[in-house]
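Have a look at the fold first.

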Amino acid sequence: MSTAQIEMALIDTLTDGPLSSYPAKALAFPAAVMDQLVSLANEITERGNNRAVVLKKQINGRFELSSGEGRYYAHQILGSKTILAVTA
């Protein structure tokens with residue numbers, strides 16, 4: 001396993017994660033979920049992101065999100081181009 005900054009555009013989200021039933025591309029989450037994600041995004045802005053998401057490398061060169069769905073969406077809210085990730 002290695003840790004690196006991975007381009008957000010190369011990450012496919014979970015198909016069975018807790019937030020998978022919402023249209024993630026539009027960030028159309030219920031207000032309570034969105035409030036939590038915005039709070040996490042603010043925390044990342046203030047303190048930095050010291051917790052990596054976990055990704056599985058796919059054969060096509062893309063990555064599948066295994067863990068850290070909230071951090072991933074918080075980075076989307078922030079408009080991040082990359083995210084700290086552990087890849088396997």
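The notes below cover the model, its strands, a helix pair, one histidine and the salt bridges.

## Ground rules

This is a predicted model, so to speak of local features pLDDT must be at least 70, and side-chain atom pairs count only at pLDDT 80 or more, while totals for chains, interfaces and linings use all residues. Residues are numbered from 1 along each chain as its sequence is written, and side-chain values use heavy atoms, with hydrogens and water left out.

## Strands

Helices (H or I, at least four residues) and strands (E, at least two) are DSSP runs numbered from the N terminus; two strands pair if DSSP finds at least two bridges between them. Strand E3 (residues 53-57) pairs with E4 (residues 63-67) in the antiparallel sense over 4 bridges, with Val-54 bridging to Ser-67.

## Helices H1 and H2

The axes of H1 (residues 31-47) and H2 come within 8 Å and cross at roughly 75°. Axes here are lines fitted to C-alpha atoms over the stretch in contact, with angles running from 0 to 180 degrees between N-to-C directions. The helices are therefore roughly perpendicular (under 35 degrees is roughly parallel, over 145 roughly antiparallel, 65 to 115 roughly perpendicular, the rest oblique).

Contact means heavy atoms within 4.5 Å. Among the residues involved are Leu-37 and Ile-44 of H1, and Tyr-73 and His-75 of H2.

## His-75

So where does His-75 sit, and is it buried or exposed? His-75 lies in H2 (residues 69-78) and is buried, at 6% relative accessible area (buried is under 20%, exposed over 50%, partly exposed in between, with a 1.4 Å probe and protein chains only). Beyond neighbours within four places in sequence, its contacts include Met-8, Asn-49 and Thr-82.

## Salt bridges

There are 3 salt bridges, counting a side-chain nitrogen of Lys or Arg within 4 Å of a carboxyl oxygen of Asp or Glu. Asp-12 and Arg-62 meet at 2.6 Å, N to O; this pair links distant parts of the chain, 50 residues apart.

Arg-47 pairs with Glu-43 at 3.8 Å, both in H1 and about one turn apart. Arg-47 is exposed at 67%, while Glu-43 is partly exposed at 37%. Lys-56 and Glu-64 form a salt bridge at 3.6 Å.
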